[in-house]
Amino acid sequence: TTSVSTPLTSTKNMDVTDFFTGEIATELLKQLVLISAKAWKYKSIADRLIILIETIQPTIHEIQYSGVELPPHRQAQIGMLAGTLEKGKKLTERVLSSRRWNMYRQFTLAKKMEKLEKTISDFMKNQILTHILADVHQHRTNADVRFDRVERSLTGLEEQLGSMKIGGGGMITDAMKIAEATMEIETSDDCEKFGVGLEMGKRKVKKMMFNAEGGLFGISGMGGYNGGVKTKKLVILDDVWTRKALDSLTSNLPSCTILVVSRSKLADPNATYDVEVLREDEAISLFCLCAFGQKTIPPGFDKDLVKKVAGECKGLPLALKVTGASLKDRPEMYWQGALQRLSKGEPADETHETRLLHHMEASLADLDETARECFLDLGAFPEDRKIPVDILINMWIEVHDLDEAVAFATLVDLSHKNLLTLGKDPRLGSTYASYYDVFVTQHDVLRDLALHLSNKGKINRRKRLLMPKREKELPKTWGKNWEMDDMDWSDFDMDFPKAEVLLLNFSSDKYVLPPFLSKMTRLKVLVIINNGMSPAILRDFSMFANLSKLRSLWLERVHVPELYNTTIPMKHLHKMSLILCKINNSFDQTGVDVSSIFPKLGDLTIDHCDDLVTLPSSICKMTSLNSLSITNCPRLGELPKNLSKLQALELLRLYACPELKALPDEICELPQLKYLDISQCVSMSCLPEDIGKLKMLEKIDMRECYISGRVRSAVSLESLRHVICDKDVTFIWEEVERAVPGLKIEAAEKCFSLDWLDE
């Protein structure tokens, strides 16, 4: 359904600070609850801050949803509060990510939180919010009058546009969807209309559009934003899927303000409202209305059961509506069965499958075959877990035969179509970016869709064999229904001769690798992730000897097995990532020739490995290495002197190694080095004198490195085109900037700046 919007050319700019204040307060409250639960050293101050935020939140919400334009001095006052809360949110993020071993930083962060408490308390004592709320009530009537005036103007414009034609001659009036501004959702029998959880979205869209003079605006969300946005005041383009379709509809509409509702992101990101899922209370209200015909749980019905079933919908309106309707008038025992099916990623019943999953499947209609396969791969990951981008990229490169750039573009396309959520990271997509600490997430309903589509057909003919949840027994369709212990796979004789990817997720301090792994002779990608609290000891690691075609290995939170001369070489292994692992001198055993075990290893990542004190010199024998990343290793204090043996090395990442004091001079003997990252190596005070020998070096990232001395030879870095450093050390690159044409010196903001609390 399509229609054309009318221009709003005389709209005043409206302030959005009050809205974002409410958003920030909610996020800050969530962070404080996490701190109170997880970080006992900050618990008392976090609890006091929770009380403060909860005290002011109702007033903020009333201001937030008032729909009036505040006077400038009131905007400035609430802007001060928004700034304080935003900085407080950043502080809580730093608290949650702080290391327990850094006592000085913990002491400093505690002092900052105390200062945050005082700032908010002082704001409350002045009763500023009370005065602002009084102004809100005073101005609300004037605001209503202004909107009525706009409505009358738009009604006249609708009549004038009634005879215009679009596309192949269809009448605009035939395509228009006009309804009340409350953005109702209709029940299945069309007998009742109700607005649940959409007030915030409506307000965001209004403010976004009223702050601009014409242009294109978008509403973007997952498939199932049923009915779109309907309003008397604005005419919209609803359910537009592609940019091509949008261009054809808008080509003859100059100077119009256009609101487009789409499953994809078609407008500029700054002019797009991403539809949000409902809060828990809103979700329960919508679910109950569809299941019981009222917005609350009926007396006598199992409240916990209702909340668990509604929780499986994860706040998605369409899922709540369809699931609730499918359970209407069903007994509690039926609900129990539906909950079990939903928790396994299965439809609650046949109606649920037809009305929800088939509707969601329409979102995949315009994907090409490769993108569709990549989407289905996402079902292999556990629910409610962040998925490292690096794992996805590697998997798609090996299995779908994609170049890295094409794999990344596919990831971005899926994100733009709202089929996954790509984490915001400034490095993402930049040259030489690493992805092992960048993540994507996916709504559980979309994951259920991937599982549903992957589970079609006979089990031994499927492309993907997925266990939806970590269970103590294998699905009955996989074989006999025996109890499975992490230490005992002996009862399962399974064979996967064509498998190319294996993802093993478990939570344990010891784990026996499944025996069928030794038979997976075509395996290209192996991912082993321990979700437990401490690194796991892997048993039967010797079966890796049969994985002759393995190209990518990801080990997370495990003890890396020791290597011996008798270890069978992994001849095709190209990439190995060791994340949160215990290295245990695995690479530095006496007499072990690591280069013969990994003869073609091109990419080695060691991240968050806290027992790594010295980089083993044996790694420098891996002359095939193209990329070496040693990051977030708090005890690493020294690099080997024979680093110059890595003659093929192009990328060297050493960021967030606070004990690393210097780079060895031998680093200047790496003829192919293009990228050097030493950011957040806070103990490093100088660069090697002969760094100018690195004729191929293109980019240096040294933010939060306190290097203050100029290096004369740096003027010889003829290929250098980008340096990222702190603002107060940019002066050391002034001569280089004059000597090297096209060089960009970027002054980066500190990642963890807390100076605002010292003022």
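**Exercise 1.** Determine at what angle the axes of helix α10 (residues 303-311) and helix α12 (residues 332-343) cross, and which residues make the contact.

*Solution.* Step 1: the axes of α10 and α12 come within 10 Å and cross at roughly 35°. Axes here are lines fitted to C-alpha atoms over the stretch in contact, with angles from 0 to 180 degrees between N-to-C directions; helices are DSSP runs (H or I, at least four residues) and strands likewise (E, at least two), numbered from the N terminus.

Step 1: the crossing of α10 and α12 is left-handed, a term for a near helix turned anticlockwise from the far one by less than a right angle.

Step 2: α10 contributes Leu305, Val306, Lys308 and Val309, while α12 contributes Glu332, Trp335, Gln336, Leu339 and Leu342; contact means heavy atoms within 4.5 Å.

Step 3: by class, the residues of this contact are six nonpolar, one polar and two charged. Ala, Val, Leu, Ile, Met, Phe, Trp, Tyr, Cys and Pro count as nonpolar, Asp, Glu, Lys and Arg as charged, and the others, Gly among them, as polar.

The model is predicted: local features need pLDDT of at least 70 and side-chain atom pairs pLDDT 80 or more, whereas totals for chains, interfaces and linings use all residues. Residues are numbered from 1 along each chain as its sequence is written, and side-chain values use heavy atoms, with hydrogens and water left out.

**Exercise 2.** Classify the aromatic pair of Phe287 and Trp335 and the pair of Phe506 and Tyr511.

*Solution.* Step 1: the structure holds six aromatic pairs. Rings of Phe, Tyr and Trp (its six-membered ring) pair if their centres lie within 6.5 Å; planes under 30 degrees apart are stacked, over 60 edge-to-face and the rest tilted.

Step 1: Phe287 and Trp335 are edge-to-face, at 5.8 Å centre to centre with 90° between the planes. This pair links distant parts of the chain, since Phe287 lies in helix α9 (residues 280-292) and Trp335 in helix α12, 48 residues apart. Both Phe287 and Trp335 are buried (under 20% relative accessible area; exposed is over 50%, partly exposed in between, with a 1.4 Å probe and protein chains only).

Step 2: Phe506 and Tyr511 are stacked, at 3.9 Å centre to centre with 5° between the planes. Phe506 counts as buried because its relative accessibility is 3%, and Tyr511 because its value is 5%.

Step 3: ring pairs also join Phe287, Phe292, Phe301 and Trp335 into a cluster.

**Exercise 3.** Identify which arginines lie over the face of Tyr334.

*Solution.* Step 1: the criterion is NZ of Lys or CZ of Arg within 6 Å of the ring centre and within 35 degrees of the ring normal.

**Exercise 4.** Explain why helix α11 (residues 317-326) is largely enclosed by the rest of the structure.

*Solution.* Nine of the ten residues of α11 are buried, so the helix is largely enclosed. Among them are Pro317, Leu320, Val322 and Ser326.

**Exercise 5.** State where Asp329 and Glu704 lie, and whether each is buried or exposed.

*Solution.* Step 1: Asp329, in the loop between α11 and α12, has phi near 65°, a positive value in a residue other than glycine. Asp329 counts as exposed, at 75% relative accessibility.

Step 1: Glu704, in the loop between β22 (699-701) and β23 (722-726), has phi near 60°, also positive. Glu704 is buried, with a relative accessible area of 9%.
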